[in-house]
Amino acid sequence: MATAFRHRRGRLVARFDPEEIGVVVHVLRLTRDFVAPERPETGDPFLDLVAGLGDEVDPEEPSDPALARLLPPASRDDADQAAEFRRLTEHGLRSRKAATITTAIEALEGATPPKVEIDLDQGRALAIALTDARLILGERLGLRTDEDSERLHEELEAALTGQVELDPGTATKMAYYDFLSWLQESVTTALMRA
């Protein structure tokens with residue numbers, strides 16, 4: 001059973017079962033694959049920089065609501081300005097998000113359960129990666145307000161006590177969201193004490 005991260009001598013330390021680490025890594029991999037740029041890196045810094053400047057004349061906002069939450073428009077009032085900003089920044093933003101999530105995955109994969117010990121930079125990457133994963137799961141679950149979050153907890157509690165039956169896919173997303181929320185709070189609290 002997972003324990004909360006604690007700050008100890010410049011590192012964050014917790015305890016996790018291998019299955020718990022596996023769940024977090026699985027969700028983070030899915031998140032990374034979702035946010036990674038559609039145009040892969042070439043390995044050549046100059047070509048990647050030029051590619052990151054955007055070559056689409058009129059890039060569109062993402063049609064997937066979850067991706068739209070991760071990559072919101074720079075301006076809601078000026079469509080041209082938002083499109084130009086998206087053209088110039090989206091590739092780089094998506095690349096940075098994917099790299100941050102990769103750092104978090106590698107930190108967790110490098111752990112030797114049940115002990116998980118990561119440095120502060122890995123902890124910050126994990127907190128950011130969990131934010132992105134939770135935003136995607138939250139969008140898939142229709143969570144946009146505090147009331148939606150309360151509804152989620154009530155439905156999950158009712159399902160766990162056998163009062164209602166949930167679709168297995170929805171129940172899994174709800175359980176993941178709840179666990180990742182707890183984990184993110186744990187990492188953030190430990191980082192604040194560093």
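Here are some friendly notes on the sheet and on one helix pair in this predicted model.

1. Ground rules. Residues are numbered from 1 along each chain as its sequence is written, and side-chain values use heavy atoms, leaving out hydrogens and water. As the model is predicted, local features need pLDDT of at least 70 and side-chain atom pairs count only at pLDDT 80 or more, while totals for chains, interfaces and linings use all residues.

2. The sheet. Three strands make an open antiparallel sheet, ordered S1-S2-S3; strands are DSSP runs of E with at least two residues, helices runs of H or I with at least four, numbered from the N terminus. Two strands pair if DSSP finds at least two bridges between them. The edges are S1 (6-8) and S3 (115-119), each pairing on one side only.

3. Strand S2 and its neighbours. Three bridges link S2 (residues 11-15) to S1, and five join S2 to S3. Leu 12 is the bridge partner of His 7 and also stands opposite Ile 118 in S3.

4. The two faces of S3. Val 116 and Ile 118 point to one face and are buried (under 20% relative accessible area, 1.4 Å probe, protein chains only; exposed is over 50%, partly exposed in between).

5. Helices H1 and H7. In H1, Glu 20, Val 23, Val 24 and Val 27 meet Tyr 176, Phe 179, Leu 180 and Leu 183 of H7, where contact means heavy atoms within 4.5 Å.
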